[in-house]
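The following note sets out, point by point, what may be read from the structure shown below. Please keep the sequence and the 3D view at hand while reading.

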Amino acid sequence: MSLALDFGAVLIDWPLLARGAALTVALTVAAALAGLAIGVAGAWARQQGPLWLRAPVAAYVELIRNTPFIVQLFFIFFGLPSLGLKLSPVAASALAMIVNLGAYAIEIVRGGLLATPRGQVDAGLSLALTPRQVFFLIVLPPALARTWPATASQIVIVMLGSAVCGQIAAEELSYYANLIQSRNFRAFEAYLVATALYLALAVALRRALMWAGPRFLFGRSAAQR
Amino acid sequence: MVDFTLWDIVRNLLLAARWTVLLSLVAFAGGGLVGLALLVLRLTRRPLAVRLVGGYVQLFQGTPLLMQLFLAYFGLAALGLNVPAWFAAALALTLYTSAFLAEIWRGCVDAVPRGQWDAADALGLGFAQKLRYVVLPQALRSGTPPTVGFLVQVVKGTALASVIGFIELTKAGQMIVNATFQPFVVYAWVALLYFALCFPISLASRALERRTGAH
């Protein structure tokens with residue numbers, strides 16, 4: 001057994017890795033924003049929405065949470081064109097990540113909503129706020145604050161899961177790792193460098209989310225309620 | 001060209017699903033054993049052991065499972081060991097599972113009141129006895145639902161073994177798509193079979209959680 005590693009052959013292609021990491025980040029940001037919106041809308045629908053909407057939302061959550069992301073991605077990219085919906089690799093990746101994160105976000109946000117003390121809703125209604133105002137001004141911000149660590153973890157999981165998107169030729173980080181190793185035959189080194197980059201991205205993303213949440217999403221006062 | 005009926009597609013997917021189940025069980029059992037060793041190592045409270053296990057968990061939770069599979073596959077090859085895809089997949093999934101289970105179980109052990117450790121100390125129990133007779137039985141109670149729940153993640157994780165060429169449910173789906181040109185139908189059935197595997201496990205995990213009153 002001899003192990004001769006040559007990282008120089010991989011690192012010389014750093015512009016490709018940087019480009020891939022940039023797309024990984026961009027996909028993750030899109031998935032986080034849209035997924036969170038789905039999470040809030042879905043959690044609202046399951047708790048206070050019209051009855052006909054509750055079962056489909058619950059079915060969507062269970063279907064996504066109990067199937068692998070790679071199958072969801074393949075279904076969107078290879079399967080949907082038979083219905084006339086043909087997406088580019090990047091668009092299909094973004095859609096798959098949004099749909100995936102949305103399902104988990106619904107469950108997470110719903111858990112936060114369920115922990116709302118009943119008295120807060122009553123207090124809001126007694127101040128003559130409309131039910132919608134009560135939801136968006138009183139119930140939602142602390143619910144998002146309570147569940148933010150779980151939400152941040154889930155966004156990181158989706159970012160890591162996006163490594164699969166290279167399989168449909170979306171040019172994200174793992175795609176370029178694959179491209180580099182196909183040119184220089186340094187597969188182990190290429191994937192090790194990419195893995196280290198993913199680890200750095202995961203740590204940085206988690207920090208950024210924990211920083212940004214109280215500032216832009218639910219306000220620092222909600223974090224203390 | 002052979003014509004595929006719907007039954008041909010489903011039958012072949014079902015046959016391939018056996019490998020998904022087998023790989024899941026191997027990874028779950030192996031991951032459980034390694035995870036238990038990691039947990040015990042961490043509970044010794046030796047600073048070096050705690051840091052090593054913490055780093056191990058962070059490493060596997062902070063990197064894509066797909067990259068772990070590639071590293072196992074090409075890393076063993078770089079060492080001069082030509083291993084088949086199923087071996088690399090089982091190895092990577094075992095290590096991945098062990099990191100998550102060690103972390104889940106650590107949370108459950110931490111939830112056992114500190115007084116239980118002190119009481120076991122007062123009875124003069126050794127480290128192994130404390131774990132065996134006092135701490136782990138109590139941690140097991142709160143640990144069962146999330147452990148069963150994590151099995152869903154393992155089953156879904158095995159789908160990535162298709163990328164390094166192990167023929168399980170997802171890979172079989174790809175191959176059937178290449179032969180039938182019916183990606184919509186085939187991938188819908190692939191998803192449905194994963195759902196049939198995972199949803200009962202999810203339900204069981206939730207039922208256990210309600211019964212133990214963890215929430």
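How many residues of chain A are in contact with how many residues of chain B? The first point gives the answer.

1. The contact between the chains. The model is a predicted one. In it, 32 residues of chain A are in contact with 30 residues of chain B. On the side of chain A that touches chain B, the elements giving two or more residues are α3 (51-65), α4 (69-79), α7 (131-161) and α9 (187-217) of chain A. Of these, α9(A) supplies the largest share, 10 residues. Sorted by class, this side of chain A has 22 nonpolar, nine polar and one charged residues.

2. Confidence in chain A. The mean pLDDT of chain A is 94, and 97% of its residues reach 70 or more. Within chain A, confidence is highest in α4(A), at 98. The lowest value, a mean of 74, belongs to helix α10 (residues 219-224) of chain A.

3. The architecture of chain B. Chain B holds eight helices and zero strands. Its C-alpha trace spans about 75 × 45 × 25 Å along the principal axes. Of the 215 residues in chain B, 40% are buried. When contacts in chain B between residues at least 6 apart in sequence are considered, 77% of them join residues at least 24 apart.

4. The nonpolar core. In soluble globular proteins, nonpolar side chains tend to be buried together. The largest nonpolar core here has 132 residues. Those with the most contacts inside this core are Leu73(A), Tyr191(A), Ala194(A), Leu69(B) and Val190(B). Helix α5 (residues 89-114) of chain A gives the most to this core, with 15 residues. Leaving aside residues up to four places away in sequence, Val190(B) touches Val71(A), and it also touches Leu13(B), Leu169(B), Thr170(B) and Gly173(B).

5. A pair of helices in chain B. Two packed helices are described by the angle between their axes and the distance between the axes. The axes of helix α1 (residues 6-43) and helix α6 (residues 127-157) of chain B come within 12 Å and cross at roughly 145°. The crossing of α1(B) and α6(B) is right-handed. From α1(B), the residues Thr20(B), Ser24(B), Ala27(B), Phe28(B), Val40(B) and Leu43(B) meet Leu131(B), Leu151(B), Val154(B) and Val155(B) of α6(B). The residues of this contact divide into eight nonpolar, two polar and no charged.

6. Trp189(B). Is Trp189(B) buried or exposed? This residue lies in helix α8 (residues 183-212) of chain B. Trp189(B) counts as buried because 20 other C-beta atoms lie within 10 Å, and the cut-off for a buried residue is 20 or more. Apart from residues up to four places away in sequence, Trp189(B) touches Ile9(B), Val10(B) and Leu13(B). The C-alpha atoms of Trp189(B) and Ala77(B), which are 112 residues apart along the chain, are separated by 34 Å.

7. Ser153(A). Why does Ser153(A) count as partly exposed? This residue, which lies in helix α7 of chain A, has 16 C-beta neighbours inside 10 Å. A residue is buried at 20 or more and exposed at 12 or fewer, so a count in between makes it partly exposed. From C-alpha to C-alpha, Ser153(A) and Ile168(A) are 25 Å apart in space, and they are 15 residues apart in sequence.

Technical notes. Residues numbered from 1 in each chain as written. Chains lettered and ligands numbered in written order. Predicted model: local features only at pLDDT ≥ 70, side-chain atom pairs only at ≥ 80, totals over all residues. Core = buried A, V, L, I, M, F, W, Y, C linked by C-beta atoms within 7 Å. Helix = DSSP H or I, 4+ residues; strand = E, 2+ residues; numbered from the N terminus. Contact = placed C-beta atoms within 7 Å. Axes fitted to C-alpha atoms, helices over the stretch in contact; angles between N-to-C directions. Left-handed = near helix turned anticlockwise from the far one by under 90°. Nonpolar A, V, L, I, M, F, W, Y, C, P; charged D, E, K, R; others polar. pLDDT = per-residue confidence, 0-100.
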